[in-house]
Amino acid sequence: KYGQDAETFHIVWVGHNRPRMKGLQSLLKAISIIRTENLVVHLIGSNTRTEENLDLISKGGVSDRVVFHYPMEDPRPFVKACDAFILPSLKGEGVNRGALEAMSMGVTPLVSDFRGNADLVENGVSGIVFRSNDPDSISDAIMRVVKDRAMNTNLGNGAIERIRRVLSHEENIDKLASAFRCLF
């Protein structure tokens, strides 16, 4: 998908890094656990190139596998070119628009187990849920899709189906209208 090297697996994270919320440090620790050269993690957004993150990358020996990108006006074409989208949040985010957009493009979502994130996917069908703030759990989730490209493709297709069936605008409007009807 991304670039010329079909062997390399590309994961993307998009957002404004807030260390106590986004879980980027847990992701960087997880990447340092993984001992494969065919993995690149793209960080798109602001406040990612912090001293703490650079130190984790350096100590983990993964500077060749983490790529910083500045915030993009429209990161969707870049996300679509990647193999997976990761959301390692430490706290609930509500419904993450970036994850929804990735899912709608068939990009496999890997999400932490906080409500809001975990509610986006059916674990093992339309994405993978891992334990929040647990680098081992994050690295296990990543390696599942890196090692099994067919499963990754199936999860991406499952994500599209979940968007269509459960998370569509129409479905959300119907649920919201139903909730309002119950109030009045």
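This is a predicted model: local features need pLDDT of at least 70, side-chain atom pairs count only at pLDDT 80 or more; totals for chains, interfaces and linings use all residues.
Biologist: What about β1 and β4, how many bridges join them?

Modeller: There are 2 bridges joining β1 to β4, a strand made of residues 84–87, and these two strands run parallel. In β4, A84 is the residue that stands opposite I11.

Biologist: Switching to helices, at what angle do α5 and α6 pack?

Modeller: Helix α5, residues 135–147, packs against helix α6, residues 149–165, at an angle of about 105 degrees, and their axes are 5 Å apart. Angles of 65 to 115 degrees count as roughly perpendicular, and therefore α5 is described as roughly perpendicular to α6.

Biologist: Which residues meet there?

Modeller: From α5 the residues are R144, V145, V146 and K147, and they meet R149, M151, N152 and L155 of α6. Sorted by type, the residues of this contact of α5 with α6 are 4 nonpolar, 1 polar and 3 charged.

Biologist: How does α4 sit against α6, then?

Modeller: Helix α4, which covers residues 97–104, packs with α6 at an angle of about 110 degrees, with the two axes 7 Å apart. That angle makes α4 roughly perpendicular to α6. In this contact, L100, M103 and S104 of α4 meet G156, A159, I160, R162 and I163 of α6, and the residues divide into 5 nonpolar, 2 polar and 1 charged.

Biologist: While we're on α6, is E161 buried, exposed or in between?

Modeller: E161, which is found in helix α6, has a relative accessible area of 30%, so E161 is partly exposed. Although E161 and S104 are 57 residues apart in sequence, their C-alpha atoms are 8.4 Å apart in space.

Biologist: And S112, where is that, and is S112 buried or exposed?

Modeller: S112 is found in strand β5, residues 108–112, and S112 counts as buried because its relative accessibility is 0%. Setting aside neighbours within four places in sequence, S112 is in contact with several residues, including L87, P88, S89, V129 and F130. The C-alpha atoms of S112 and S89 are separated by 6.0 Å, with the two residues 23 apart along the chain.

Biologist: Now the loops, so where is N17, and what does N17 touch?

Modeller: N17 lies in the loop between β1 and α1, and at 1% relative accessibility N17 counts as buried. Leaving aside neighbours within four places in sequence, the contacts of N17 include K22, L24, S46, N47 and T48.

Biologist: You mentioned N47, so what is the phi of N47?

Modeller: The phi of N47 is near 60 degrees, which is a positive value in a residue other than glycine. Most residues other than glycine have a negative phi. N47 lies in the loop between β2 and α2, and N47 counts as partly exposed, at 38% relative accessibility.

Biologist: And what about the phi of N133?

Modeller: For N133 the phi is near 60 degrees, a positive value in a residue other than glycine, and N133 is found in the loop between β6 and α5.

Terms used. Residues are numbered from 1 along each chain as its sequence is written. Side-chain values use heavy atoms; hydrogens and water are left out. Axes are lines fitted to C-alpha atoms, for helices over the stretch in contact, and angles run from 0 to 180 degrees between N-to-C directions. Helices (H or I, at least four residues) and strands (E, at least two) are DSSP runs, numbered from the N terminus. Angles under 35 degrees count as roughly parallel, over 145 as roughly antiparallel, 65 to 115 as roughly perpendicular and the rest as oblique. Contact means heavy atoms within 4.5 Å. Ala, Val, Leu, Ile, Met, Phe, Trp, Tyr, Cys and Pro count as nonpolar, Asp, Glu, Lys and Arg as charged, and the others, Gly among them, as polar. Buried means under 20% relative accessible area, exposed over 50%, partly exposed in between (1.4 Å probe, protein chains only). Two strands pair if DSSP finds at least two bridges between them.
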